[in-house]
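Take a look at the chain below. Keep it in view while you read.

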Amino acid sequence: MAGLYIHIPFCRRKCVYCAFYSTTAFDDAKVEAYRHALAEEARWFSEHYLDGRKAALETLYIGGGTPSLLPVDFYVRLIADLETFFNFSDCREVSFEANPEHLDYGYLRDLRQYTPVRRLSIGVQSFRDDDLKRLNRCHTGKEAVQAVENAWRIGFENLSADLIYGLWEEGGSVRWKENLACLEALGLPHFSAYALSLEPRTRLWKQVEQGKARMASDEELELEYRELQCFAKEHGYLLYEISNLAKPGFEAIHNSNYWRNIPYVGLGASAHSYWGKERFWNTACLDDYLKDATGAKGREVLSEEDVYHEYVMTALRTIGGVKKSKLSGFSESLQQEFRLRVVHEMEAGNLVEKEDAYVVAEDRRLLTDLIAGTFF
Ligand code: SF4
């Protein structure tokens with residue numbers, strides 16, 4: 001079983017922090033051409049990697065960009081096209097990223113009625129208008145609340161929201177707590193909480209460079225992450241990955257499979273795939289993708305060491321940690337390397353041993369990427 005990711009590279013305008021590939025320059029003709037290109041790429045994948053057979057899918061994730069910017073009919077037709085190349089019959093999770101301003105009653109009703117989408121990941125980011133303005137989001141806090149309420153009313157049960165913390169240099173923790181309280185009041189069973197990060201070539205990067213904006217201090221980030229940990233405990237969310245929280249039974253299957261090295265196919269401009277021992281990725285340019293959607297722009301064959309590094313990096317981010325049983329599948333020299341390092345990290349209080357695994361100590365989880373980095 002595999003995962004399928006479809007990238008929808010269209011946005012109404014660019015959020016200041018965003019480094020994902022998307023474009024605001026598109027029209028109906030390009031959207032229609034994009035649907036054909038996605039089907040063409042799916043055909044190429046099936047012929048090239050599976051001798052024309054269909055890959056059995058466990059999950060489908062439609063992300064972006066802003067998938068909810070396109071009409072439901074686009075997805076009805078796209079999924080019908082893709083059924084020629086993928087087997088959806090045992091799909092356990094179909095997720096759809098959406099922005100609050102698009103989630104009116106009619107859109108959600110049609111999405112649920114005419115497509116297999118059952119899980120919504122709503123790009124809330126904050127329920128506060130001053131935060132949203134700073135981020136250049138297209139919606140208000142009120143619209144975010146309305147979107148979640150509409151989704152409940154239509155019958156979506158598997159709902160998630162993205163939130164951003166560390167929005168202000170200092171003093172942001174009161175606002176952050178308000179956002180968490182809002183989320184709890186809406187009864188969302190899953191959410192992702194990301195620290196605002198500074199990515200090259202974004203507007204935020206420029207603002208910071210010109211002294212027009214400042215990032216949250218390390219102390220502020222730590223404070224807000226600790227509040228997230230407390231909130232999770234108080235309200236029954238499991239912080240099952242450094243940035244993902246779920247009520248029992250609502251952990252995201254598609255993303256969890258990324259962390260478990262399950263193969264996936266990514267279709268669309270800038271999409272990445274992981275198949276066999278290969279990683280390959282598409283052009284991050286809509287026009288180039290429309291000219292030729294077949295064949296990847298880049299590829300690499302992963303060595304055993306690459307697979308080991310990726311496993312340690314992703315497993316440490318999760319609550320399950322690095323499994324001893326999984327480590328035993330790597331060569332003796334890599335296992336030896338791990339053993340040497342793990343002793344040091346345990347002595348420093350960064351890692352703890354839990355049954356069959358090594359996990360990041362609870363009070364060091366914000367430092368996970370730094371700790372994982374010491375293994376390379
Ligand atoms: S809507 Fe999403 S993909 Fe589009 S610019 Fe904003 S954060 Fe990026």
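The model is predicted: local features need pLDDT of at least 70, side-chain atom pairs count only at pLDDT 80 or more, and totals for chains, interfaces and linings use all residues. Residues are numbered from 1 along each chain as its sequence is written.

The chain has domain 1 (2–259) and domain 2 (314–376), with bounds from an automatic or database domain assignment. Their C-alpha centres lie 29 Å apart. Nine residues of domain 1 are in contact with eight residues of domain 2; contact means C-beta atoms, placed from the backbone, within 7 Å. On the domain 1 side, α8 (218–235) and β8 (238–241) each give two or more residues. β8 gives the most, with four residues. Helices (H or I, at least four residues) and strands (E, at least two) are DSSP runs, numbered from the N terminus.

The ligand is surrounded by residues including C11, K14, C15 and C18.

Helix α3 (residues 105–114) and helix α5 (residues 141–154) have axes that come within 9 Å and cross at roughly 40°. That makes α3 oblique to α5. Angles under 35 degrees count as roughly parallel, over 145 as roughly antiparallel, 65 to 115 as roughly perpendicular and the rest as oblique. Axes are lines fitted to C-alpha atoms, for helices over the stretch in contact, and angles run from 0 to 180 degrees between N-to-C directions.

Here are the residue classes.

| Contact of α3 with α5 | four residues | one residue | two residues |

Ala, Val, Leu, Ile, Met, Phe, Trp, Tyr, Cys and Pro count as nonpolar, Asp, Glu, Lys and Arg as charged, and the others, Gly among them, as polar.

Key. Two residues are in contact if their C-beta atoms, placed from the backbone, lie within 7 Å. A residue is near a molecule or strand if its C-beta atom, placed from the backbone, lies within 6 Å of it.
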